[in-house]
Amino acid sequence: MSLVVSSGPVTLDIRPLSEYQQTLISTVLSLRSQGWTDRQIANHFNATGMMTPRGHEWLPQSVYSVRKKYQIRLLRLGEVQ
C-alpha cells in the first residue's frame, strides 16, 4: 500500500471589501495621516455612532487591527513591497 500526496500552489481567496469596510479603512488612514492616535479615532467613531464591522464599540485595539489587517491584505495582493 502506498500513499501519494501532491500539492500545487495555494490560491488565497481574497474577497472584495464591503463599502462599509472601505469607508472605515479610508477614514482610519486619513485620520492617522493627520496625526490622530488609535484611541482618538476609536473615540471619534464611538461618538459618531460608527460600529465595528461586527457591530461593537470601537477600542484603540480595534483601530490598530483594522490597519494591520489592511496592510496584510495589501501584501497578499502584492500592492505593497
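Which residues does M51 touch, not counting residues up to four places away in sequence? M51 touches Y20, L24, H56, E57 and W58. This is a predicted model. The chain holds three helices and zero strands, in the pattern α-α-α along the sequence. Of its 81 residues, 20% count as buried.

**Overall fold**
- Helix α1 spans 19–33, helix α2 spans 38–47, and helix α3 spans 60–77.
- Among contacts with a separation of 6 or more, 47% join residues 24 or more positions apart.

**Nonpolar core**
- The largest nonpolar core has eleven residues.
- Its members are L24, I25, V28, L31, I41, A42, F45, M50, W58, V63 and V66.
- Helices α1, α2 and α3 are the elements that each give two or more residues to this core.
- The largest share comes from α1, with four residues.
- M50, a core member, is in contact with Y20, L24, F45 and W58, leaving aside its neighbours within four places in sequence.
- Three of those partners, L24, F45 and W58, are core members as well.

**Aromatic pair**
- The structure holds one aromatic pair.
- It is formed by F45 and W58, whose ring centres are 4.9 Å apart.
- The ring planes stand at 55°, so the pair is tilted.
- F45 lies in helix α2 and W58 in the loop between α2 and α3, so the pair ties together parts that are 13 residues apart in sequence.
- Both F45 and W58 are buried, and both belong to the largest nonpolar core.

- M51 and L24 are 27 residues apart in sequence, yet their C-alpha atoms are 9.7 Å apart in space.
- The contacts of M51 include L24 itself.
- T52 is in contact with Y20, E57, W58 and S62, leaving aside its neighbours within four places in sequence.

**R73 in helix α3**
- R73 lies in helix α3.
- Its relative accessible area is 18%, so R73 is buried.
- R73 touches I14, R15, P16 and L17, not counting residues up to four places away in sequence.
- One of these partners, L17, is also among the residues nearest the centre of the largest pocket.

**Largest pocket**
- About 710 Å³ of space lies in the largest pocket.
- Its lining has 20 residues.
- L17, Q21, P53, V66 and K69 lie nearest the pocket centre.
- Helices α1 and α3 are the elements that give two or more residues to the lining.
- The most comes from α3, with eight residues.
- By class, the lining has nine nonpolar, five polar and six charged residues.
- V66 lies nearest the pocket centre along with L17, Q21, P53 and K69, and V66 is also part of the largest nonpolar core.

Methods:
Residues are numbered from 1 along each chain as its sequence is written. This is a predicted model: local features need pLDDT of at least 70, side-chain atom pairs count only at pLDDT 80 or more; totals for chains, interfaces and linings use all residues. Side-chain values use heavy atoms; hydrogens and water are left out. On a 1 Å grid over the protein atoms alone, a cavity is a set of points where a 1.4 Å probe fits but cannot get out, and a pocket is an open set with protein on both sides within 12 Å along at least five of seven lines; lining residues have an atom within 4 Å of a point. Grid points are joined across faces, edges and corners, and a volume is the space filled by probe spheres set on the points. Ala, Val, Leu, Ile, Met, Phe, Trp, Tyr, Cys and Pro count as nonpolar, Asp, Glu, Lys and Arg as charged, and the others, Gly among them, as polar. A nonpolar core is a set of buried Ala, Val, Leu, Ile, Met, Phe, Trp, Tyr and Cys residues joined through side-chain atoms within 4.5 Å. Buried means under 20% relative accessible area, exposed over 50%, partly exposed in between (1.4 Å probe, protein chains only). Contact means heavy atoms within 4.5 Å. Rings of Phe, Tyr and Trp (its six-membered ring) pair if their centres lie within 6.5 Å; planes under 30 degrees apart count as stacked, over 60 as edge-to-face and the rest as tilted.
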